[in-house]
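Q: Here is a structure that is new to me. Please take me through the terms used for it, and set each value against its cut-off.

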Amino acid sequence: MSNPGLNPNDPVAQALAQLRKAGANPQVDSVPRGASERKEKKYNKRRITTRLDGRADRSNRQPKRFGALIMPEIKRNGWNQHYAVGLIMNSWEELVGEKIGSKTKPIKYDPETKQLFIQCESTPWATQLRLIQTKVLQTIVNRVGPNVVAELKILNPEFKRPGKGKLRVRGRGPRDDFG
């Protein structure tokens, strides 16, 4: 140990000195246990795709939409029909259009007969909806799928009867001819 700054009690310094003496080429005496039995593993390194500007493309890390996450659960539990009926009830204006949707509204669904009951604001609107009933059913089939709604029951508007009393005028009864 001829190095003047070398501490004789430091084992790391002694090992370093021996390596320098050997020419920094240490010889390995033994092969590690099991090294000959190990098979070389080939790792399939996935290449990260890049965008046009050279940055890494992380589009696969984007969060999924709620509908894409919940739809497998709806299908797995057999809630397809309930989901479809809710979609019809909540987006009625989108299905039939703004004008018809403002004058009509779905009020009830019968799952046994697959009938959708629709209340109209006036008798002329009920008549018009009956005339385009097949088109509305086709739109529903395109939007939510087949075997959800088989028939539309279009109802005329309901009017409350006036109360009985001394000041009541007898007449033909409640009518819906105002438009």
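Q: Where is Ser91 placed?
A: Ser91 sits in the loop between helix 3 and helix 4. Helices here are DSSP runs of H or I with at least four residues, strands are E runs of at least two, and both are numbered from the N terminus. This is a predicted model, in which local features need pLDDT of at least 70, side-chain atom pairs count only at pLDDT 80 or more, and totals for chains, interfaces and linings use all residues. Residues are numbered from 1 along each chain as its sequence is written, and side-chain values use heavy atoms, with hydrogens and water left out.

Q: Why is Ser91 called buried?
A: Its relative accessible area is 8%. Buried means under 20%, exposed over 50%, and partly exposed in between, with a 1.4 Å probe and protein chains only. So Ser91 counts as buried.

Q: What does the side chain of Ser91 reach?
A: The side chain of Ser91 reaches the backbone oxygen of Leu87 at 2.5 Å. A polar contact needs a pair of N or O atoms within 3.5 Å; within protein, one must be able to donate a hydrogen and the other to accept it, and residues adjacent in sequence count only if both atoms are side-chain atoms.

Q: What makes Leu95 buried or exposed?
A: Leu95, in helix 4, has 10% relative accessibility, so it counts as buried. Contact means heavy atoms within 4.5 Å. Leaving aside neighbours within four places in sequence, Leu95 is in contact with Ile88, Thr139, Ile140 and Arg143.

Q: Which residues have the most contacts inside the largest nonpolar core?
A: They are Ile88, Trp92, Leu116, Ile140, Val149 and Leu152, in a core of 20 residues. Helix 3, helix 4, strand 2, helix 6, helix 7 and strand 3 each supply at least two residues of this core. The name applies to buried Ala, Val, Leu, Ile, Met, Phe, Trp, Tyr and Cys residues joined through side-chain atoms within 4.5 Å. Not counting residues up to four places away, Trp92 touches Leu116 and Ile140, among others.

Q: Why is Asp110 called partly exposed?
A: Asp110 has a relative accessible area of 22%, so it is partly exposed. Asp110 lies in strand 1. A polar contact of 2.8 Å joins the side chains of Asp110 and Thr113. Asp110 also contacts Gln115 and Phe117, leaving aside neighbours within four places in sequence.

Q: How do you know that the span of helix 2 is close to the expected one?
A: Helix 2 has 12 residues and reaches 17 Å from its first C-alpha to its last, close to the expected 16 Å. The expected span is 1.5 Å times one less than the number of residues. Gly78 follows helix 2, with a positive phi near 75 degrees.
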